[in-house]
Amino acid sequence: MNIRNLRTLRAGTRVTSGSVLIIVLWVAFGLVTLALYFAHSMSLELRAADNRTASLAAEEAILGAVRYLTNVLGRVAEPGQIPDPANYRAEAVPVGDALFWLIGRGDADAVSDRPTFGLVDEASKLNLNVATLEMLEVLPRMTPQLAAALIDWRDANEDVTEGGAESDTYLRRNPPYRCKNTNYESVAEIRLVHGATLDLLFGDDANLNGTLEPNENDGDVSLPADNRDGRLDPGLLEYLTVHSRQSALATNVNNPQQLAALLQTHFSADRANEILARVGAGVGSVFEFYVVSGITRDEFTQIEGYLVGTNTVGLINVNTASEAVLACVPGLGPEYASALVAHRRTNPGQLNSMAWLTDALGWTTNDLARVRLAGPWLTGRSFQFSADIAAVGQHGRGYRRARFIVDTSSGGPVIRYRQDLTSLGWALGSRVRDSLLLARDLR
């Protein structure tokens, strides 16, 4: 082999070696890329699995909260008594590695970025199935047209209330449907009613937690649209219910035999007869019974939870209802509603019955006309409560939220309704979020 051929052979060997090296490098690069891809995928899968596990833990925490609350409501000392918030836990309650909160309601006039925690009294709201057109029209944000349509949706005929809507209106929608013409089964049902816009229903409170969030006080910068006045102006959903009713086991004040037996159980025979004589032929409501019977406040407090009047559905608890709801009651209106709320704030120790009404209103037996007008709508006891439960799983992940209605009117607590509210977004405020993030970082 001559020198020229040797040089050519060596050059070819170097080219071949260089090509192999390049191929090896590409193969190595591909393998590294695949390894990184699968590692990233596994990391994402691990994170997703962790989130799913946290979400399941949050769901279980919500179910645990419901069991806990039914126990709390089943242990009240007297029928219709509202559980003392000091006697049950409602904030960051642990269930395994998860936590739950009860989103409650505070003073409507007190603006705060921190939610109130606790049960919500359904008797503090206006019942859609019994409220009159005039009562509905008094609610904040309500329009005459929507009030009429709300009545038309539940009444049993196709006669259109002035400004309202019956099936001919709904059949023109896409898809078409008929007017229900029977009672509401849930407040969420009013989304189907003509004129029920999101602005009217939600107001400023986009996540329905009763708390002024940053996006609810920034004008048109983000939804919802608000007037940036530093106040939370809730929508109609805040004031409405379909679940308020009195105890099915109570004694009717118009049943002399039952009333006599109840009075003799708690008082002497002479005192019972004295009260019965004052009641006479009967009264229309528990409030009227209190006014005309001459019973003392302490005596009334002992038996109020066992009494019921002619009306049993949709009574409003004067101890918990907002000024906006009390203003809807016939015979009260805005003027008396304001006086009642002011009296409640200055006399919190009197809120174990509705006997304080006579002090706040100044009504006596000389005002029986007003008593008979307002009395059938008023109560001092509550038997249905909403538990708005938010929960997170381990490491503050897996946020879930659901609202339950617990009914105690038949004796023991019964779950009547569940609604998933997770889609409304975070409802626990910035402080809880920050504390969860801090706890996660410290792990």
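H343 is buried (under 20% relative accessible area, with a 1.4 Å probe and protein chains only), at a relative accessible area of 16%. The model is predicted, so local features need pLDDT of at least 70 and side-chain atom pairs count only at pLDDT 80 or more, while totals for chains, interfaces and linings use all residues. Residues are numbered from 1 along each chain as its sequence is written, and side-chain values use heavy atoms, without hydrogens or water.

H343 belongs to helix α11, residues 333-346; helices are DSSP runs of H or I with at least four residues, numbered from the N terminus. Leaving aside residues up to four places away in sequence, H343 touches Q350, W356, D359 and A360. Contact here means heavy atoms within 4.5 Å.

Another part of the model shows two helices packed together. Helix α7 (residues 269-279) and helix α8 (residues 286-293) pack at an angle of about 110°, and their axes are 8 Å apart. Axes are lines fitted to C-alpha atoms over the stretch in contact, and angles run from 0 to 180 degrees between N-to-C directions. This makes α7 roughly perpendicular to α8, a term for angles of 65 to 115 degrees. On the α7 side the contact involves I275, R278 and V279, which meet F289, V292 and S293 in α8. The residues of this contact divide into four nonpolar, one polar and one charged. Ala, Val, Leu, Ile, Met, Phe, Trp, Tyr, Cys and Pro count as nonpolar, Asp, Glu, Lys and Arg as charged, and the others, Gly among them, as polar.

How values were computed: Buried < 20%, exposed > 50% of the residue type's maximum accessible area, 1.4 Å probe, protein only. Parallel < 35°, antiparallel > 145°, perpendicular 65-115°, else oblique.
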